[in-house]
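Trainee: Could we go through this one together? I'd like to start with some charged pairs and then move on to the interface.

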Amino acid sequence: MKKNSEVQALRQLGGLTSTRVAELLAQNGPNVLTPPKETPEIIKFLKEMVGGFSSLLWAGAVLCFIAYLIEFSKDKSASMDNVYLGVVLIVVVILTGIFAYYQEAKSTNIIASFTKMIPRKAFVIRDGEKREIPAEQLVVGDIVEIKGGDQIPADIRILASHGCKVDNSSLTGESEPQSRTCHITHENPLETKNISFYSTTCLEGTATGMVINTGDRTIIGRIALLASSVGHEKTPIAIEIEHFVHIVAGVAVSIGIMFFIIAICMKYRVLDAIIFLIGIILANVPEGLVAAVTVSLSLTAKRMAKKNCLVKNLEAVETLGSTSIICSDKTGTLTQNRMTVAHLWFDNQVYQADTSEDQKDQIFDQSSATWASLSKIVTLCNRAEFAPSQESVPIMKKVVMGDASEAALLKFSEVIMGDVIERRKRNRKVAEIPFNSFNKFQLSIHETEDPDDKRFLLVMKGAPERIMEKCSTIMMHGQEQPLDESTAAAFQTAYMELGSLGERVLGFCHLYLPEDEFPDTYSFDVESMNFPTSDLCFVGLISLIDPPRSTVPDAVMKCRSAGIKVIMVTGDHPITAKAIARSVGIISANSETVEEIAKRLKIPVEQVNKREAKAAVVSGMELKEMSPEELDELLTYHTEIVFARTSPQQKLIIVEGCQRQDAVVAVTGDGVNDSPALKKADIGIAMGCVGSDAAKNAADMVLLDDNFSSIVTGIEEGRLIFDNLKKIIAFTLTKNIAELIPFLIFIIAGVPLPIGTMAILFIDLGTDVIPSIALAYEKAESDIMSRKPRHKKKDRLANHQLALYSYLQIGILQSVGGFFAYFTVYAVQGFKPDRLLYLRPLWENDSLNDLEDSYGQEWTKYQRKYLECTGYTAYFVAVMVQQIADVIIRKTRINSIFRQGLFRNKYIWVGIASQIIIAVILSCGFGSIPILNFTTLRVQYWFAAVPYAIVIWLYDELRKLLIRLYPGSWWDKTMYY
Amino acid sequence: MVNEKEKTGGQVLEEWKEFVWNPRTHEFMGRTGTSWAFILLFYLVFYGFLTALFTLTMWVMLQTVSDHIPTYQDQLATPGLMIRPKTENLEVLVNLSDTKSWNQHVQILDKFLEPYNDSVQAQKNDVCRPGHYYEQPDNGVLNYPKRACQFNRTQLGDCSGLSDPTHYGYSTGQPCVFIKMNRVINFYAGANQSMNVTCAGKRNEDAKNLGDFTMFPANGNIDLMYFPYYGKKFHVNYTQPLVAVKFMNVTPNVEVNVECRINAVNIATNDERDKFAGRVAFKLRIIKKT
C-alpha cells in the first residue's frame, strides 16, 4: 500500500511539461543509438558486379577483346564487332549490377524499416498524465513506468519499485535476475541497485524511475555493445539461387569448353572457336534472371508488410512457407484478447450475448425487470472507466482503465444502455470494497437516482458460490422470491453449464438498505463493515470469455488443408482451452479426446485405445511427467493437440518435440520467457501489440495485429514466393536451349549462324525481362494451400524436373520452332535447307562475292550478311513468339491456365506487350544500325513460330491435365516441377 | 539454423557411387530400370513427335516456295561483280620468276573458260539477236526449259587463252582478269540500254601504276541477249557473259588497286555498305626482278 501511494505521489508530480521535453529533445537528440557502421555501399555494389553470372559475362567480354586482338594482329582493318560486343557485355554487367544493387537496397530498406517499426514504447508521465510514447522520444528527466517484460527504455534511476527484477546479462554478464530498489547501494553506477540500464529487460515487478541518460550517452551506448548484433546471413533463398547459378554456370562453361575443343578438332580457327565459346556462354547465362529474382523478393517484402507481418529477413518468409507445425498461443492470437460477455443467466434462463468483434446486436430479451436490476448492478458495481479523450472511438475499441472482466462488463453495459459514466454519477457511490482474492467479491453502496427513494443500494458481484452464500432471496421476473432448493439447483446447473464452456462466471446480487436503519447521513465504513453483507437478493449470472477472433476458424481450416498442424499452447485452464480449440476448429467437431471416448463408451480412461482419439488435451502437469518418447508418441498419433496450463519452459519442450518429428515449427509468443521457444523454433513469431520487447527481439517475424490468420497469410506468401521463383526460373531457362542449339548446329552442321550474340543479349535483357518480372506478380495457384508443406532439403527450388522440362522439352521445342523460322527466311530468299548444310566456310568467306544459292543466283558477301541478319531476326522473333507461349504456360504449374485466369495478372500482358514492342522496335527501328544485326522482317515471318507456340501451350496443358488426373503417377513425378 | 557438417571427400565419393549405382534400390543414376525405360520411351515419343512436327511444317513451307524463282529477291536488287581468277583476298599476284605463283591462276582460268569453248557453245546454245533481251515466256507451259545464248570464247580475243603461249598474259606480266556479273533470276540488266564495264585505278597513284589495259569484248560491252536469267534448273546451259581486261603495262613490284564497275542504267554502283554491288575491287601485283 505504501509503495502504491509513492507511485501516486510521483504521478502527482506531473513529470516534465511538453515544452521542456521539446527543448531537451532538440538539445540531446532522440533516444536512439547511432547505428553501427555497415558494409560500405561501394563494396556492396562491387559485390553485385562480380557475383553470380557477372563473372561469366566478364569472362565473355575479355574473350571478345582477345578475339579482336588476335584478328587485329593479323589484319589491321579487322572488324570492330567483337570490341562492340565486349563493350556491350560490360555495360550489361554494370547495368544488371546497378539494378540488383538498387533492388537489394530497396528490400533491405523495407526490412530495416521493419526493425524500426517494431515499436518500442515507454510509459511516461508528462504534463501530469500517463502516456505511452515511442521510446525514442524520451528525454532526461522523464518519469517512466516499467513493468515485467519491458525493455528498459533508457538509463533510469529507480524512484519507486515494486518487486522489480532486471536481467542485466547483456551488460554485465550476470545471469541471475537483479532486483532494483530506490536505494543507493554502491558508488559505482554499474553496481548500485537503483539504476537500471537501457536495453536490459525488466523480468518481473514494476518500477517508476527518472531518465538520467538517453541514446548514445547511456552506458550501453557508450560501450557500443550493440554494434555486433547486425549480422548478415545468407537466406535459404539466396542459397538456393546460388546453387542454381552454380549449376547453370557449370553447364555453360562445360558445354562451352566441350565445343571449343570440338571446334578445334574440326579444324576451325582458334579465333572462331573463341567466338563460339562466347556465344555458348552468352546463350547459357540467364542475364535477366538476377533482376527478376531481386524484384520478386522485394515485392514479397512489400506485400508482407502490407499484410501486417513484419519480417526481419526474407529468409523468414520462405521458412514460413515450409512450416508444417504451428504452435500458437491462445490469448490474443486465436482470441480477441478481450474478455467479453458471452452468456447471461437470469429468470432461470440462459441468454447468449454477441461476442463478435464489434458486438453490434445484443439480441437477448431485455424486457424483464430482472434485467433492469442486473444491468444496474453491472453498471454500478464496476470500477473500470474509459480512458479520457476518446469520444470518437467506437465503444469496443476504447481503452479502458481497469481489469479485463470489469472492462468487459463496462463495454457490455455501455453498448446496451448508453452512457455508463453518467449513470454512475446519478447514482453516487458512497462506499466501496474492491475485489480481492480473499473476499472474492466486490461491493459498493450507492445513492439511488430516484430522488424520492432515499434508500441506499448495495450492489455486489463476485464468484457465484460466494455470492450465493450471501443471498437468501432470488429475483425472478423482477420479484424477490425466497431461495428454495429448486432455484438453488437451477443456479447450480446454470453455473456448471457456463463453467463447462470454459467461461469465467460472475454472480450478481443487490440489496436496498432500509431507510430507517441507514438514513442518508449514515456514514459507511468499509473497514468495520457497518452494513449487511448477507441475506441479499441474488439477481443473475454473467459469464465472460475471451472469444475467438472471427477470422481464426477459416485460417485454421486453411492450415489443415495445407498439411499444417496447429497446436494450441496456453497457460489457461484445460476446459477454457478446449472450448476455444473447439470453437476455432483446432479440435474439429467430430473428433474426440481419450476422455470423451471413455465417457461415451462408459469405460475407464485407461482402457481406451489412444490411437482412436484424434484430439488430445494435455495439461502442463501431465506434460511434466512425460518422457520424450511419450511426447513423440503424443505428437505423432494425435493430429489435434491442445496443451493447457503450460509454462513457457514447457513451450520449449513442445517445440523440441515437434522438431524431432522433422517438422518446421512456427511458434508464437509474447512474454519475456517465451524467447527461448521463439529462438528455438524454425520461425519465431512475436506479437506486435502485446508482445514484450524481448520476445520481439528473439522472433523472426512480428505480427502487428497479433492475429493468427496473419500467420496463415504469411505462410501463403512464403509458398507463393517459392512457387513464383520456380516459375521465373523455368521461364528463363527455357530459351537458353533455344539460344544454345543454334551454336551447336552451327558448329556441327556448318549452317550460317542462326542467331547472333547481340540478338541473344536482346532476348535475355530485352524481351524476356518484363515477362519474367511479371511472373513475380502471379497469384497463388488453387493448390497452394492444399498441398503438403515443402520439405526443406528434398524440394529444391530448381529441381531436375524443372531443368529437364525446361531444357529438354520446351527448350528443344523452341529451338525447333526457331530453326523453322530460320530455314523459312533462307528458303524464300533462295537458300533451301539442303544448300545451307556445310556452307559455312564459303558463306563466311569475305572475298567470295558470287556464292551460288539453290537457284543459281549469285550473292555478294554483304548480301549474304544481310540475309544472315534477317535469319537472326527471324530466329529472334520466333523465340520471342514462343516465349509468349512460355510465359503463359508458366503462370501455373498444375492448374489449367483457364482456371488460373488469363487476365488476372495484368503484368503478364504488360510483359507480353513489351516483348512484342521491343521486337518490333529492334526489327523495324534499329534494323539500320549494323552493329545490332537486326533487319526488318516481313510481316508473315513474324508468325512462322506461331504453330510451335500453340503446340507449347497445348502440350503444357496436356502435361498439367495428366498431372491432375494421375497424381502420384510416373508422369506426375517426372513432369511436375 | 544449424549448419550441416562438412562432408569429407570419401563421403562425397561414396554418395556419388551410390548415386551412379544404388545396389539396394537397383537405381542407376537415381532411377530404376523401369523408370529409365519410361524416360527413354517418353523422349523417343516426344522427339519423334517433334521431328514429325518439324518435317510437316518444313514440307508445308517448301510447298509454298517455287522451284524456278525464289519468293523474294529484294536482297539481290543490285547484282555484284566478281573477278576470275578468284583468289584469296582478291589479290592477283604474278611473280614472273616463279611459275607456280601464276600457274594456279592459269589452271583456274582454263577450267573456268572450258564451257565457253566455241564448240561447246555451238552445240548447246542458240545464236541470239544482239542488243535484245532473250525472253522466253512460259506461254502456259509451266517451267518450260529455257535456251541460252552463245558466248564464244573467241569473243575474248587476246584473253581467250586459245593457242596462247603467254597463258592469258600471265607469263609476260600482262595478266588478263575476267569480270563477271552475278546471276540474278529475271533481272533485266541495263533496262534495254547497252551497258559496259569500265576499270580504273582506285586512287590517283593506282591509276598511274595501272597503265594501259584492253577490254574484250571491245569497250567491255555486255550484251542484253544474255538476260534475263531463268535459274539453274530451267536455264541449264546458261552462259554468263564475261568481260576480260588485259593489263598491258602494270608498274611492277607495287600493289595496284583496281576497281571495275558496270555502267548500266538500273545498276547502282555506289552502295556504301556493299563494296561489291555493281563493282569489284581487286589488287594487282606483278613481281618482276629488276
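Trainee: Which side chain does Glu844(A) meet in a salt bridge?

Mentor: Bearing in mind that this is a predicted model, the side chain of Glu844(A) meets that of Arg840(A), with an N to O distance of 2.6 Å.

Trainee: Is Arg840(A) buried or partly exposed, and what about Glu844(A)?

Mentor: Arg840(A) counts as buried because its relative accessibility is 7%, under the 20% cut-off, whereas Glu844(A), with a relative accessible area of 28%, is partly exposed.

Trainee: What about Glu868(A) and Lys865(A), where do they lie?

Mentor: Both are in helix H31 (residues 861–889) of chain A, three residues apart, which is about one turn of the helix, and their side chains meet in a salt bridge at 4.0 Å, N to O. Glu868(A) is buried, with a relative accessible area of 4%, while Lys865(A) is partly exposed at 27%.

Trainee: And which partner does Asp329(A) have?

Mentor: Asp329(A) pairs with Lys651(A) in a salt bridge of 2.8 Å, N to O. That pair links distant parts of the chain, 322 residues apart, since Asp329(A) sits in the loop between strand S9 (325–328) and strand S10 (340–346) of chain A and Lys651(A) belongs to helix H22 (residues 648–660) of chain A. Both Asp329(A) and Lys651(A) are buried.

Trainee: Switching to the interface, how many salt bridges are there across chain B and chain A?

Mentor: The rule finds eight across that interface, and a search over all chains of the whole structure finds 47. One of the pairs between the chains is Lys180(B) with Asp850(A), whose closest N and O atoms are 2.5 Å apart. Both residues also belong to a network of salt bridges that includes Glu852(A), Glu858(A), Arg84(B) and Arg183(B).

Trainee: How much area do the two chains bury between them?

Mentor: Chain B and chain A bury about 4300 Å², 59% of it on carbon and sulfur atoms, and the contact takes 52 residues from chain B and 48 residues from chain A.

Trainee: Last topic, which residues touch the most other members of the largest nonpolar core?

Mentor: In that core of 202 residues, they are Phe178(B), Ile179(B) and Phe282(B), although helix H25 (residues 708–749) of chain A gives the most to the core, with 17 residues. Leaving aside neighbours within four places in sequence, the contacts of Phe282(B) include Ile83(B), Leu90(B), Phe247(B) and Asn257(B).

Definitions and conventions
Residues numbered from 1 in each chain as written. Chains lettered and ligands numbered in written order. Predicted model: local features only at pLDDT ≥ 70, side-chain atom pairs only at ≥ 80, totals over all residues. Heavy atoms only, no water. Contact = heavy atoms within 4.5 Å. Buried area = accessible area lost by both parts, 1.4 Å probe. Core = buried A, V, L, I, M, F, W, Y, C linked by side-chain atoms within 4.5 Å. Buried < 20%, exposed > 50% of the residue type's maximum accessible area, 1.4 Å probe, protein only. Helix = DSSP H or I, 4+ residues; strand = E, 2+ residues; numbered from the N terminus.
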